[in-house]
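Thanks for coming. I have one structure to go through today, in two parts. Please have a look at it before I start.

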Amino acid sequence: MNFGLTFRAAKGCWTVNLSQQCSHGSTGLFVPPSPPVDPEKVKELQRFITLSKRLLVMTGAGISTESGIPDYRSEKVGLYARTDRRPIQHGDFVRSAPIRQRYWARNFVGWPQFSSHQPNPAHWALSNWERLGKLYWLVTQNVDALHTKAGSQRLTELHGSMHRVLCLDCGEQTPRGALQERFEVLNPTWSAEAHGLAPDGDVFLTEEQVRSFQVAPCARCGGPLKPDVVFFGDTVNSDKVDFVHRRVKEADSLLVVGSSLQVYSGYRFILTAREKKLPIAILNIGPTRLMFLSQKLGLSLYPAAKDP
Ligand SMILES: [Zn+2]
């Protein structure tokens, strides 16, 4: 996706390159191929955003591919298409110390690269929309903290953040960066090469490498640590879900950016928006759960009171 987007905000007319073509280095590797964007659709999107006074934006992995983080489901470049690896299941993590050991060893190796990713123009655009009073609330399914790095504050991280760690016993939250230092102290001679980063910072290691990795427990109670994210098979905290439902009900339109909407935890808010007959726009490369028409590239506009 590569186009300028102009809309009228309360504080004046404003243009942004919503996204840039990335053909350089590793950042372009995970951006799915797409035909050029139809200028008419860009105009429609401009109109959609200009008309909105309380815009709620929901983002998924697709917004971070140009920052060098792969998504899950894109053809050819997504994690599922490139590898047979699948994200860790919540139940397995909680149940099994060896699985936690493998998870943390891989996460330890992947962390320096994963935590160094920077926001791309789409993250900056949304942060600017907030500053201009255009964005009412931002909900992200991503755990990469790139919206926070771009300065977004009216933000709900639906699935948590890899930049925080949670104790499964006492519930204490600590910064992920501090845990990295503890891992380094516990594993002074341990080293492994990172192979193939996943959307959640996971990498591939051999069993031998994993077995010798020392896992740090909670510094307060000795309990097992988990990234403060919602793994597959877990559910989003109901207070958080209620909070986002309220924000959706208060909004006057909804824009989805970079999500196929396959995961119900995000899709349910689309259902609420449709119930409320909010206009919905979807900006995505590839098909989405809401896309009943055969568009391959996605700017899909669903006006109020019109079922797709
Ligand atoms: Zn604890």
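**Zinc site and a helix pair**

Along the chain, the donors of the zinc ion are spaced as C-x2-C-x47-C-x2-C. Donors here are N, O and S atoms within 2.8 Å of the metal (3.2 Å for Na, K and Ca), and water is not among the atoms, so sites may look incomplete. This is a predicted model, where local features need pLDDT of at least 70 and side-chain atom pairs pLDDT 80 or more, while totals for chains, interfaces and linings use all residues. Residues are numbered from 1 along each chain as its sequence is written, and side-chain values use heavy atoms, without hydrogens and water.

The protein donors are the SG atoms of C167, C170, C218 and C221, at 2.3 to 2.4 Å from the zinc ion. The angles among the four donor atoms are 101 to 116°, and the site is tetrahedral (four donors, all angles between 85 and 135 degrees).

Next, how exposed are C170 and C221? C170 is partly exposed, at 29% relative accessible area, and C221 is also partly exposed, at 40%. The term covers what lies between buried, under 20%, and exposed, over 50%, with a 1.4 Å probe and protein chains only.

Now the helices, which are DSSP runs of H or I with at least four residues, numbered from the N terminus. The axes of helix 9 (residues 238–250) and helix 10 (residues 264–275) come within 9 Å and cross at roughly 35°. Axes are lines fitted to C-alpha atoms over the stretch in contact, with angles from 0 to 180 degrees between N-to-C directions. Helix 9 contributes V241, V244, H245, V248 and K249 to the contact, and helix 10 contributes R268, F269, T272 and A273 (contact means heavy atoms within 4.5 Å).

Definitions and conventions
Tetrahedral: all angles 85-135°; square planar, octahedral: opposite > 155°, others 65-115°. Helix = DSSP H or I, 4+ residues; strand = E, 2+ residues; numbered from the N terminus.
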